[in-house]
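These are my notebook entries on a structure I went through today.

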Amino acid sequence: MRIGVGLLALVLLASCESNEITNELVQSDSINIQFANSPTHSMSTDKDAIKKLAGFIGRKEKTLPLECEIKPSGMIFFYLDGRSKHEVTFTDLSQKCRYFITKLNDKTVYTVVSNEAADFLAAIRDGKSTY
């Protein structure tokens, strides 16, 4: 029982900063997603989409492996009451090394872009109405 509680505490501590990112972003009331080298961008006030993106960005924090090249593929701008609240860069969605990059408390934070997150962003980029 103590081992289980200890492991749970360790998992919660390890995910604390990622949850801080999610908590910060989910307060936004709108987002604007801009894709590099594309005229496509998407503005949304859909709270479910904002929550989904905030959850994707706030999970699986990692250090950037040396073999990964940062090639920005787009930016996500989070707004509250019409004012810019937070910016998140995402790297090339087709690469093996896919990351969201943001700042939190003056520290650059890298989180992994999961397959689900890449599919979500690709659907938006391709103009699909459901994701």
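With which residue does Arg125 form a salt bridge? The model I consulted is a predicted one. I found Asp126 as the partner of Arg125, with the closest N and O atoms 3.1 Å apart.

Entry on the exposure of this pair. I looked up the accessibility of both residues. Arg125 has a relative accessibility of 33% and counts as partly exposed. Asp126, at 48%, is also partly exposed, because the buried class ends under 20% and the exposed class begins over 50%.

Entry on the salt bridge total. I noted that the structure holds 2 salt bridges. Glu24 and Lys85 form a salt bridge, and their closest N and O atoms lie 3.8 Å apart. Glu24 is partly exposed at a relative accessible area of 27%, and Lys85 is partly exposed at 25%.

Entry on helix 4. I asked which residues of helix 4 (residues 115–125) are buried. I recorded Ala117, Ala118, Phe120, Leu121, Ala122, Ala123 and Ile124. I next looked up what covers these buried residues. The cover includes helix 3 (47–57) together with strand 1 (30–35), strand 2 (41–44), strand 4 (72–80), strand 5 (83–91) and strand 6 (99–104). After helix 4 comes Gly127, for which I read a positive phi near 80°.

Entry on strand 6. Is strand 6 largely enclosed or open? I found that 5 of its 6 residues are buried, so strand 6 is largely enclosed by the rest of the structure. I then turned to its pairing. Strand 5 and strand 6 are antiparallel and pair over 2 bridges. In that pairing I noted Phe100 of strand 6 as the bridge partner of Phe90. Strand 6 also runs antiparallel to strand 7 (residues 107–112), to which 6 bridges join it. Here the bridge partner of Ile101 is Tyr110 in strand 7.

Entry on the hairpin. The hairpin has 2 residues between the strands, and Asn105 takes a positive phi near 55° in it.

Terms used:
Residues are numbered from 1 along each chain as its sequence is written. This is a predicted model: local features need pLDDT of at least 70, side-chain atom pairs count only at pLDDT 80 or more; totals for chains, interfaces and linings use all residues. Side-chain values use heavy atoms; hydrogens and water are left out. Buried means under 20% relative accessible area, exposed over 50%, partly exposed in between (1.4 Å probe, protein chains only). Helices (H or I, at least four residues) and strands (E, at least two) are DSSP runs, numbered from the N terminus. Contact means heavy atoms within 4.5 Å. A salt bridge is a side-chain nitrogen of Lys or Arg within 4 Å of a carboxyl oxygen of Asp or Glu. Two strands pair if DSSP finds at least two bridges between them.
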